[in-house]
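Here's a quick tour for anyone meeting this protein for the first time. Keep the picture open while you read.

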Amino acid sequence: MKYYLTTPIYYVNAAPHIGHTYTTIAADVIKRFKRMQGFEAVLTTGTDEHGQKVERAATAAGKSPQEFTRAISDEFKRQWSDFGLGIDHFVRTSDDPKHRETVQWLFDRWMKNGYVYKGSYTGQYCVFDELYVNEAKPGDACPDCGRTTETVTEENYFFKLSAFTERLLELYAKQPDFILPESRRNEVLSFVRQGLNDLSISRTTIKWGIPVPVEGHHVFYVWFDALVAYMTAVRGLKDTEGHDFWPADLHLIGKEIVRFHAIFWPAFLMAADLPLPKRIYAHGWLLFEHDKMSKSRGNIVRAEPIRKVMGADALRYFLLREIVFGQDGSFSYDALIGRYNSELANGLGNLASRTLTMINQYRGGAIPSGTDEAIEKAACGTIRASAEAFYNFDFSKGLESIWSLLSAVDKFIVEQAPWTLAKKQDSESQAKLDRALYTSAEALRVATALLSPILPESCAKIWTQLGMPEPLESVRLDSLAWGQLRAGQKIGPIEAVFPRRDAKPAIEQMRELEAKVSAEQAVLLGKAPAPSAEPAAPAGPQITIDDFAKVELRVGQVISAERVKGADKLLHLQVDLAEAEPRSIVAGIAEVYAPEQLMGRKVVIVANLAPRKLRGLTSNGMIVAASVEGGKPVLAGFLEDIPVGARLK
Ligand code: MSP
């Protein structure tokens, strides 16, 4: 049986950020979960490369649209692959003959069915949302994103969307779960009930698009082109039982594009007599400090630094546990590390290493036998509850249920005190010890299997440590039951799966990588010049190693920072250098760093510079920063942890 699901195909006007990663990770989790249910699950994503917004971004980067879209699309592909996401089809709308052909084929079917006519549109258009804003007047803001709309006057082909008002309402009534969650369904219903206007589906004032097979120069409206990508990917493909992959079982999207998916898309398919998708699920927004993340607000967080510092599974777990799927939720580095340490390192990771270490120590690495009935009952309840929650995409609830099993097992181990039982040689104590060890290991196996769609990498490691002979991917949800762990099975080598992380250095590392990735992406988007291979400034006269040794560079940590009255550029710092007293240092970095940003930060200090007075304050040392000619200073720092006072050589 097939299960076909999609993510939106993302615009390539900017590089991916954590919001795109959120949807794509959720889709990967759903795909893995469907596989576990026995479906032949296939996932499509891709990049939406046509339209005015992308055309303008390419011009701004000084590149041709072809060159620009390829570079950004490659960046999306690379990130999904580095995250280990199970993408089966990646559609690039501007570089795929099959896609172009599918778009034109669908348009032909509308023509034959009488749903297209020629007209002209004079009205407002939002380039950011690629949206016709019929109700707006010149100068008005877009009701969706608030940006100023632009006036468009052009000859267009129109799609008779108005003809589908009743059929769409019938669809929503007959299939109440066509749009989920309920709140999004209500939004769509009230919109459609007001009646629908016909929709312009071609543009003549832009070139960057798929040509409409008619006289004159028309390219397709980008949203039509984009939605068709879902079909392009699997057109003509069948599952192993010979069923077509189309229609999609699920289009997973963010809530801001629900109308395009729940109104335009089914109407487009109805007009071509094609099967409709089964479900549109619109999740909420990932907020950063209470605002939707967006480039224009400047509050973007990227997923790559998080993956590099904390691992992909840490991010997957956080996103699905912290945010109730379907609602908005906030991201912060603090919350990410907090959950990692308390729930992954102390929770799952600790239970795994504790259980396996005891099996090694007390039973020579062989799984004993015996079951505690209360834990068995709890585990069976968790299998049912978490499977049902995952089935309803209620990931946080499913995870909660698994974590309550983990804490019940933790409590059970403390109560049983295997370390005390191990010291007693009587057969009753030894049988109790067998029972405690088997019960913990079996509960760990059940939890690992249930968690594998969300934590694939870490669960595979725990699975191997348990010595399981069959691959984790072969576990099917409907046959997962208590008691399948075989007594006598030898466990594998033990290794910590979630080592505890120190919040401060980890956050520092992520922030530093974020700045680096952001600079690389600015180059990709043509917003910053590529760093030259040549040194920026001519190298000065050469010095000997002895000259260098005269400079004493040491690691310091800022313990206080305040602005210097009457001097816009200066900050007065107290820096700990592991000496008897902190150093007072005055630094010209106030235009770039706020005092609170520096608190606790590790910096490099020239420690043997002769003291001097600045604005009446003693400056005893100098802080090391880099800058290009005329640019802003960037403080030197460390990716790895290093103690205060250490000397740089
Ligand atoms: N190209 C269109 C989609 C066409 S689908 C036929 C588009 N692209 S987009 O690049 O703007 O991506 C939007 C999608 O990215 C959202 O619907 C959501 O899936 C994801 N997200 C982008 N930012 C997000 C957040 N801040 N929070 C949650 N999801 C986010 O729209």
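## Around the ligand

Let's start with the shell around the ligand: its residues split into 13 nonpolar, eight polar and three charged. In that count, Ala, Val, Leu, Ile, Met, Phe, Trp, Tyr, Cys and Pro are nonpolar, Asp, Glu, Lys and Arg are charged, and the others, Gly among them, are polar. Altogether 24 residues surround the ligand, and the closest are Ile9, Thr23, Asp48, Glu256 and Leu286. A residue counts as near if one of its heavy atoms lies within 4 Å of the molecule.

Now for some polar contacts, meaning pairs of N or O atoms within 3.5 Å. A polar backbone atom of Tyr11 sits 3.0 Å from an oxygen atom of the ligand. His20 has an N or O atom in its side chain that is 3.4 Å from a ligand oxygen, and for a polar side-chain atom of Thr23 the distance to a ligand oxygen is 2.7 Å. The protein buries 94% of the 670 Å² that the ligand exposes when taken alone; these accessible areas come from the Shrake-Rupley method with a 1.4 Å probe. The elements giving two or more residues to the shell are β1, α1 (18-36) and α7 (222-232).

## How the model was read

You're looking at a predicted model, where local features need pLDDT of at least 70 and side-chain atom pairs count only at pLDDT 80 or more, while totals for chains, interfaces and linings use all residues. Residues are numbered from 1 along each chain as its sequence is written, and side-chain values use heavy atoms, with hydrogens and water left out.

Helices (H or I, at least four residues) and strands (E, at least two) are DSSP runs, numbered from the N terminus. Two strands pair if DSSP finds at least two bridges between them.

## The parallel sheet

Six strands make up an open sheet with parallel pairing, in the order β3-β2-β1-β11-β12-β7. β3 (89-92) and β7 (179-180) are at the edges with a single partner strand each, so one side of each has no neighbour in the sheet. Inside that order, β11 (residues 250-254) and β12 (residues 280-283) pair in the parallel sense over four bridges. Leu252 has Tyr281 in β12 as its bridge partner.

Helix α3 (residues 65-82) lies across β1 (2-11), β2 (40-48) and β3, and runs at about 165 degrees to β3. Contact here means heavy atoms within 4.5 Å. The axes are lines fitted to C-alpha atoms, for helices over the stretch in contact, with angles from 0 to 180 degrees between N-to-C directions.

## The antiparallel sheet

There's also an open sheet of four strands, this one with antiparallel pairing, in the order β5-β4-β6-β8. Its edge strands are β5 and β8 (199-200), each pairing on one side only. β4 (residues 116-126) and β6 (residues 150-159) are joined antiparallel by 10 bridges, with Val116 opposite Phe159 in β6. β6 and β8 also run antiparallel, joined by two bridges, and here Phe158 stands opposite Ser200 in β8.

On the other pairing, β4 meets β5 (residues 131-133) in the antiparallel sense over three bridges, and Gln124 has Val133 in β5 as its bridge partner. What do β4 and β5 form, and how many residues are between them? They form a hairpin with four residues between them. Glu130, in the loop between β4 and β5, has a positive phi of about 50 degrees although it isn't a glycine.

## Two cis peptide bonds

Finally, check out a couple of prolines. The peptide bond from Leu180 to Pro181 is cis, with omega near -5 degrees, and Pro181 is found in the loop between β7 and α6 (182-193). Trp246 and Pro247 are also joined by a cis peptide bond, with omega about 10 degrees; Pro247 lies in the loop between α7 and β11.

Note on methods:
A polar contact is a pair of N or O atoms within 3.5 Å; within protein, one must be able to donate a hydrogen and the other to accept it, and residues adjacent in sequence count only if both atoms are side-chain atoms.
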